[in-house]
Each structure stands twice: as C-alpha cells, then as structure tokens.
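Please open the structure in your viewer and keep the selection tool at hand.

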Amino acid sequence: MPQPVSVTDMDATILGAWMATGLTLFIFSFLYQDNPLFKLAEHLYVGVSVGYTIVKAYDTVIVHLIVKPIVEEGQIALLIPVAIGLLMLTRYVPRAAWMSRYAFAFIVGLGSGLAIPRTISSFVLKQVEDTIRPLLFQAGDGLTFSFNLLNPASSLNAVIILIGVSTVLFYFFFSIEHSGPGKIVARTGIVFLMIAFGAAFGYTVMARMSLLIGRLTDLIEFSDVSYGRPTWWLLMLTIAVLVLLARRVPNRPPDLH
Amino acid sequence: MIFLRRRLPLLITMITGLLFAGQYYVPHPASEWLLTSATKWLQIIGGFALVLGVTSLFHQHAVKIRRQEAGWGYSLVLYAGMLVTIAVGLWAGGKESLDGSMTAFGWIYSYMMVPLQGTMFAILAFFIASAAYRSFRARSREAAVLLIAAVIVMMGRVPLGEYLIPLSGDVSQWILNVLNASVRRAILIGVSLGTIALSLKIIFGVERSYLGGGKE
C-alpha cells in the first residue's frame with residue numbers, strides 16, 4: 001500500500017516543479033537572444049553553485065577533516081595543514097603576502113612528487129605495454145592471427161592501434177622535418193587525429209542531446225495538471241516578457257559622429 | 001630575508017617533491033601512512049584555497065553593487081542565491097536528506113541546481129549543431145574524414161541511426177574503441193612526458209612561476 005504523501009512534501013514538490021520549470025525556460029530563452037530572464041537564471045546558477053560548494057567544503061573539510069578528528073580523536077598533527085592553509089590567506093595582507101609562498105611551495109612540491117612515479121607507471125609504461133601486444137595468439141595446436149575488427153583485442157586491431165599511436169606521436173614530434181617518408185607518416189597521424197576529433201565531437205553532441213532530452217522530459221512531466229501546469233503558464237510568461245522586451249525602444253545615446 | 005622569502009619556499013618544494021616521489025618506491029606501512037596523511041592534508045589545504053576563490057568572487061560583485069555598474073541587480077541575485085544556499089545548507093548540516101525526507105538544502109539542489117546545470121549544458125547541443133553546420137563542410141580530405149567519423153558515431157549512439165544504417169553501431173564502437181583509443185593513448189603519452197618534465201623542473205627549482213612575481 002503506498003505511503004500517503006504529506007501536505008508539506010506535496011507542496012515542496014509542486015513549488016519545486018514551478019521553480020525548475022521557470023529556470024529551465026529562462027535558460028532556454030537564450031536560444032532566442034540574450035535577455036534579462038536568462039541573465040537572472042545565469043547569475044542565480046552561479047550563486048547557488050558557489051553556495052552549494054561552500055556548504056559541502058565546510059561539511060567535508062572543516063567538520064569531518066579538521067574539527068571532528070582534532071576534537072574527538074585528538075589528531076593534533078592536523079593543525080599543521082590548517083596552519084599551511086591559513087598561510088594562503090596572508091595574500092590579503094600585502095606586507096605578509098610572501099608567507100603564502102610556503103603553502104604554494106608545499107602543494108606544488110607535493111603534487112609534483114606524487115605525479116612523477118605515478119605518471120611514468122600509469123600513463124607511459126602501461127600505455128606503451130598495451131600498445132605493443134603479441135600479434136599471434138595460441139589457438140588449439142598452433143598460432144593464429146585474428147582478423148576480427150569487432151574485438152578490440154584482436155591481432156588486426158593491435159596493428160591498427162600500434163600504427164595509430166606511432167603516427168600520432170610522430171606527428172607531434174617536431175625535432176625532425178616532416179618530409180619524404182616522414183611526411184607520409186605524419187599525414188597518417190593527421191587522419192587518425194581527424195577520426196578521433198570527429199568521434200569526440202559526435203560523442204559530445206549525443207551527450208548534450210541526452211541532457212536536452214532529460215530537460216524536455218521534465219518540462220513535459222511538469223505540464224501535467226497535478227503540478228498546476230507550470231510548463232504552460234511559465235512558457236506564456238517567458239514569451240510575454242520576451243515580446244515586451246523586443247517592443248521596448250532602447251534609449252540609445254546620441255550619435256556623436 | 002631573501003632566504004625566507006625566496007629560497008626556503010624552493011627548498012620546501014624540493015624536499016616535499018623528492019620525498020613523495022620516493023614514497024612510491026617504498027612498500028612499507030609507514031610509507032602508505034605518509035601518502036594517506038598527505039592526501040588528507042591536501043584536501044584540508046585545498047579547502048583554504050577555496051576561500052581565496054570565493055573571496056575574489058565576493059569582492060568582484062560587491063564592487064559592482066557599490067558602484068551600481070550596469071547589471072548590478074544581477075550581482076544582487078547572485079549574492080542572494082549564494083547566501084540563501086549557504087544559510088539553508090548550514091541549517092541542514094550539509095545534508096540533502098534527513099531520515100528519508102528531503103531537506104531545504106536538498107530542495108535547492110534538486111529543483112534549482114540540477115535543472116540549471118542540466119539546461120546550461122543542454123543548450124550547448126544547439127550551439128554545437130550550429131557550429132557544426134557552419135564548419136562541417138568537407139573543404140579538405142581531413143575535414144571530410146572528421147565529418148564522416150562524427151556522423152557515424154552520432155548514428156551509432158541512437159536506435160534510429162542503427163535502424164537506418166544497421167552497421168553504424170558496430171562501426172561506431174570500433175571507431176571509439178580502436179581508432180579513438182589509439183589517438184587518446186598517443187596524446188596521453190605526450191602529455192605525460194610533458195608532466196614529468198614540468199614536475200622535475202619544479203622540484204629542482206628551474207620553474208618558479210608558481211611563487212608569483214615580485215622582486216624578492
């Protein structure tokens with residue numbers, strides 16, 4: 001048996017539907033032209049996002065990483081990163097601004113130190129290892145060369161990946177002139193790059209389309225009578241505001257020329 | 001004074017850099033503890049870095065409001081949105097839901113932030129389509145290759161595309177898993193070599209721009 005929905009929850013949902021619909025339509029109004037409704041929603045987006053980030057940072061860093069471990073578990077050593085963090089804020093005091101360098105030096109040094117071995121291991125050696133694979137596989141009594149293009153681990157695909165990686169790396173290697181045989185290799189690299197850029201573009205477009213479908217689905221859902229049809233009312237309001245703004249004669253400054 | 005202002009930061013960078021580069025090669029519980037602690041320390045220091053960014057935003061819009069520059073009303077909206085979210089978030093203890101019911105902070109997240117974020121990225125679909133219309137003309141062989149790859153991937157990602165061109169799904173997967181992967185791998189190797197070189201330059205004090213300008 002479904003749980004009864006309390007009046008407060010229902011009100012919050014309906015109010016939320018109106019808010020979400022209004023903000024969605026205000027942002028979509030930019031497709032017509034830049035206008036105050038879009039700017040309002042845009043600035044609200046920045047404000048709410050920053051506020052959300054601040055609250056989450058406060059909860060994660062101040063409460064769970066600093067206050068609780070120090071007060072409840074007595075981890076006094078955590079006062080060191082707090083002190084380093086506070087040094088960053090000396091940037092607001094011109095005479096003491098140089099002290100913020102200690103904080104940046106620590107972060108940059110730590111980041112660089114962590115990056116070197118991990119980058120070599122994961123992004124260079126592992127990638128090279130996956131690029132240079134055996135071309136022949138053990139199948140039954142003998143060795144075989146797999147031509148199956150649909151299997152990314154097939155022998156033919158291993159050759160294609162090797163050619164792709166080598167030619168693209170060569171294209172970005174500018175210490176020798178790309179002429180003669182080198183020109184052919186570099187041009188092959190360009191073809192691989194163009195295919196990858198096209199694929200990345202197509203993939204991004206479809207991801208954005210997916211988001212668009214999500215927003216339109218919400219608008220369709222909120223056009224229901226149970227929400228008070230916010231989609232239709234707010235769509236009319238948005239169009240009316242845009243028409244009013246379009247009809248308003250702008251007060252242009254006199255032409256001085 | 002020059003030691004405190006210039007050389008000591010470089011020394012700190014060098015020591016921490018070498019220490020944590022070496023940590024990777026020491027398979028000992030103490031080494032693991034060092035890494036875990038450092039990661040926690042970085043998160044704490046990062047929290048203070050957020051203060052710098054937010055203060056800059058506060059200042060920029062406060063100046064706009066004080067001088068009543070064009071569009072200062074929108075800055076007020078930004079301030080209102082930010083302060084209300086912070087107040088409501090702190091009141092809810094940073095939780096979107098409590099005992100299974102949505103808090104006011106969760107309401108702001110679900111009915112304001114998610115729709116705003118989703119719509120902002122969704123309208124990019126129109127701009128990408130518009131840019132594609134203007135720039136996707138097969139003016140050269142390379143541009144034609146890009147165009148064909150993009151069309152195949154787009155067709156392969158939707159049921160209609162696969163219905164119209166049955167092979168588009170498989171070809172799209174092959175492009176993404178093999179051709180695209182090989183290019184990403186090459187770029188990743190190149191970027192990684194650059195990262196390693198830059199990290200070494202930072203640790204040994206060749207690259208110092210992160211310390212900022214100034215005489216000292």
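The stops below concern confidence, the interface between two chains, and particular side-chain pairs.

**Before starting.** This is a predicted model, in which local features need pLDDT of at least 70, side-chain atom pairs count only at pLDDT 80 or more, and totals for chains, interfaces and linings use all residues. Residues are numbered from 1 along each chain as its sequence is written, chains are lettered from A and ligands numbered from 1 in the order in which they are written, and side-chain values use heavy atoms, with hydrogens and water left out.

**Colour by confidence.** The value to colour by is pLDDT, the predictor's confidence in each residue, from 0 to 100. Chain A has a mean pLDDT of 89, with 93% of its residues at 70 or more. Select residues 1–7 of chain A: the pLDDT there is below 50, and beyond near neighbours in sequence the stretch has 1 contact in the model (contact means heavy atoms within 4.5 Å). For chain B the mean is 90, and 97% of its residues reach 70 or more. Within chain B, helix α6 (residues 159–164) has the lowest confidence, at a mean of 87, and α3(B) the highest, at 95. Helices (H or I, at least four residues) and strands (E, at least two) are DSSP runs, numbered from the N terminus.

**Select the interface.** How many residues of chain A are in contact with chain B? There are 112, and they meet 108 residues of chain B. The area buried between the two chains is about 10,200 Å², of which carbon and sulfur atoms give 81%. Buried area is the accessible area (1.4 Å probe) that two parts lose on being put together, summed over both. Now select A:Tyr45, A:Tyr52 and A:Arg101, which supply 7% of the area that chain A buries against chain B, more than any other three residues.

**Select the salt bridges.** A salt bridge is a side-chain nitrogen of Lys or Arg within 4 Å of a carboxyl oxygen of Asp or Glu. The rule finds 2 across this interface. Select B:Glu142 and A:Arg187, whose side chains form a salt bridge at 2.5 Å, N to O. Next, select B:Glu96 and A:Lys56, where the N to O distance is 3.4 Å. This pair crosses between chains, from the loop between α3 (72–91) and β1 (97–98) of chain B to helix α2 of chain A.

**Select an aromatic pair.** Rings of Phe, Tyr and Trp (its six-membered ring) pair if their centres lie within 6.5 Å; planes under 30 degrees apart count as stacked, over 60 as edge-to-face and the rest as tilted. Over all chains the count is 12 aromatic pairs. Select A:Tyr52 and B:Phe105: their ring centres are 5.2 Å apart and their planes at 20°, so the pair is stacked. A:Tyr52 lies in helix α2 of chain A and B:Phe105 in helix α4 (residues 104–135) of chain B, so the pair joins two chains.
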